[in-house]
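Subject: Structure for you to look at

Hello,

Here is the structure I promised to pass on. Please open it and keep it in view while you read my notes below.

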Amino acid sequence: MSNYIFDFTKTRWMVSNPARVTRTGMDGKPFRCPFCVGNESDTPPEVYRIGEGEVNKPGWTVRVFANLFPITDIHEVVVHSPDHEKNIEDFSLNQVENIIKTYINRFNFLKDKGKVFIFHNYSLISGASLVHPHSQISVVPNNITTNTIPTQPVINIIEQNSDFVSYCPEYSEWCYEVWIKALGQNKFENLNDSEIKSLAVILQSMILKLKKIHDKNPHYSKKPFGYNFYIQPYGNWFLRIIPRFMERAGFELSTGIMVNSIEAKRASEELRNI
């Protein structure tokens, strides 16, 4: 059971769930990936899938089930594909579309249960506890205050298509941080097939560009390529990609002020020219 704790000002929250200490791969037991095909019995029962086959059996291309080690009381896992190694930058466009369609389906199913957060941690450096690429969808009670960043103005554009624009906002807390924002007024939960395809195209393009930045930089490439992205699906919604090229250190932790050594304008120019 999740335990929400606030500080004495009642303005800052944390959540504690002791069950996460024994997550798969962190418990010292012999390991087999619970997200790989054939190991469906290692996870809770699936609640959604794209693909063929019987429920909880092989044949899926995207699979969703409850997180066995949840942060919040409602917490789901979205396995991106049966492939243990490949991720968004490697997939066909159709597979990226399937992942986005899954996000939308689960958001619409869960949105009346609290505040829905959709996020993806790629590689151990970003906080993922399992290598097999997956996203997570977590629901926070409506009475819990969440310190979400507001939509930042569009500036330093990298790429644009018929439905979306990618850019590096002036307020960028991370090196090469990229935001993707809809050009129209359609809500996230109402995206049509054409808009989903446009989002898949620009998301994949941005991750490929960030990987090239990582690979050619002698400092960043000392560590594996990793990033987080999350979707803030409400109102003037956006998708924010945070490359994990740099670590947070004492200044940021003690002051709450983020340090970014790459100016947003320079970052957008580099990404645009790839």
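In which sense do β5 and β7 pair, and over how many bridges? They pair in the antiparallel sense, over six bridges. Please remember that this is a predicted model.

**Strands**

Start with β5, which covers residues 74–79. Five of its six residues are buried, so the strand is largely enclosed by the rest of the structure. On the β7 side, Val-79 stands opposite His-134. β5 also has β4 as a partner, residues 60–66. Four bridges join β4 and β5, and these strands run antiparallel. Look for Ala-66 there, which stands opposite Glu-76 in β5.

Two isoleucines in other strands are worth a click. Ile-180 lies in β10. Its relative accessible area is 0%, so Ile-180 counts as buried. Ile-231 is in β11. It is buried too, with a relative accessible area of 3%. Ile-231 and Ile-137 are 94 residues apart in sequence. In space, their C-alpha atoms are 10.0 Å apart.

**Aromatic rings**

Next, the rings. A pair of aromatic rings is described by two things: the distance of the centres and the angle of the planes. The count here comes to 16 aromatic pairs. One of them is formed by Tyr-176 and Tyr-220. Their centres are 6.2 Å apart, with 80° between the planes. That pair is edge-to-face. It links distant parts of the chain, since the two tyrosines are 44 residues apart. Tyr-176 is in the loop between β9 (164–167) and β10 (178–182). Tyr-220 is in the loop between α2 (193–216) and β11 (227–232). Are these two tyrosines buried or exposed? Both are buried.

Now take Phe-225 and Tyr-227. Their ring centres are 5.5 Å apart and their planes are at 50°. Why is this pair called tilted? Planes under 30 degrees apart count as stacked and those over 60 as edge-to-face, so an angle of 50° falls to the remaining class, tilted. Phe-225 and Tyr-227 are both buried.

Phe-225 sits in the loop between α2 and β11. Its relative accessible area is 9%, and under 20% means buried. Compare its position with Pro-58: the two are 167 residues apart in sequence and 29 Å apart in space, C-alpha to C-alpha. Phe-225 and Tyr-227 also belong to one aromatic cluster, together with Tyr-103, Tyr-122 and Phe-229.

Arg-248 lies over the face of Trp-174, at 3.7 Å from the ring centre.

**Two positive phi angles**

Ser-123 has a phi near 85°, a positive value. You will find Ser-123 in the loop between β6 and β7. It is buried, with a relative accessible area of 17%. The cut-off for buried is under 20%.

**The largest pocket**

Last, the empty space. Rolling a probe the size of a water molecule over the atoms shows where such space is left. The largest pocket has a volume of about 1700 Å³. It is lined by 37 residues. Which of them are closest to its centre? They are Phe-117, Thr-146, Asn-147, Thr-148 and Tyr-230.

Several elements give two or more residues to this lining: β2 (13–16), β6 (115–122), β7 (134–140), β11 and β12 (238–243). Which element gives the most? That is β6, with six residues. By class, the lining has 20 nonpolar, 12 polar and five charged residues.

That is the tour. Have a look with the viewer open, and send me your questions.

Best wishes

Definitions and conventions: Residues are numbered from 1 along each chain as its sequence is written. This is a predicted model: local features need pLDDT of at least 70, side-chain atom pairs count only at pLDDT 80 or more; totals for chains, interfaces and linings use all residues. Side-chain values use heavy atoms; hydrogens and water are left out. Rings of Phe, Tyr and Trp (its six-membered ring) pair if their centres lie within 6.5 Å; planes under 30 degrees apart count as stacked, over 60 as edge-to-face and the rest as tilted. Buried means under 20% relative accessible area, exposed over 50%, partly exposed in between (1.4 Å probe, protein chains only). A charge sits over a ring if NZ of Lys or CZ of Arg is within 6 Å of the ring centre and within 35 degrees of the ring normal. On a 1 Å grid over the protein atoms alone, a cavity is a set of points where a 1.4 Å probe fits but cannot get out, and a pocket is an open set with protein on both sides within 12 Å along at least five of seven lines; lining residues have an atom within 4 Å of a point. Grid points are joined across faces, edges and corners, and a volume is the space filled by probe spheres set on the points. Ala, Val, Leu, Ile, Met, Phe, Trp, Tyr, Cys and Pro count as nonpolar, Asp, Glu, Lys and Arg as charged, and the others, Gly among them, as polar. Two strands pair if DSSP finds at least two bridges between them.
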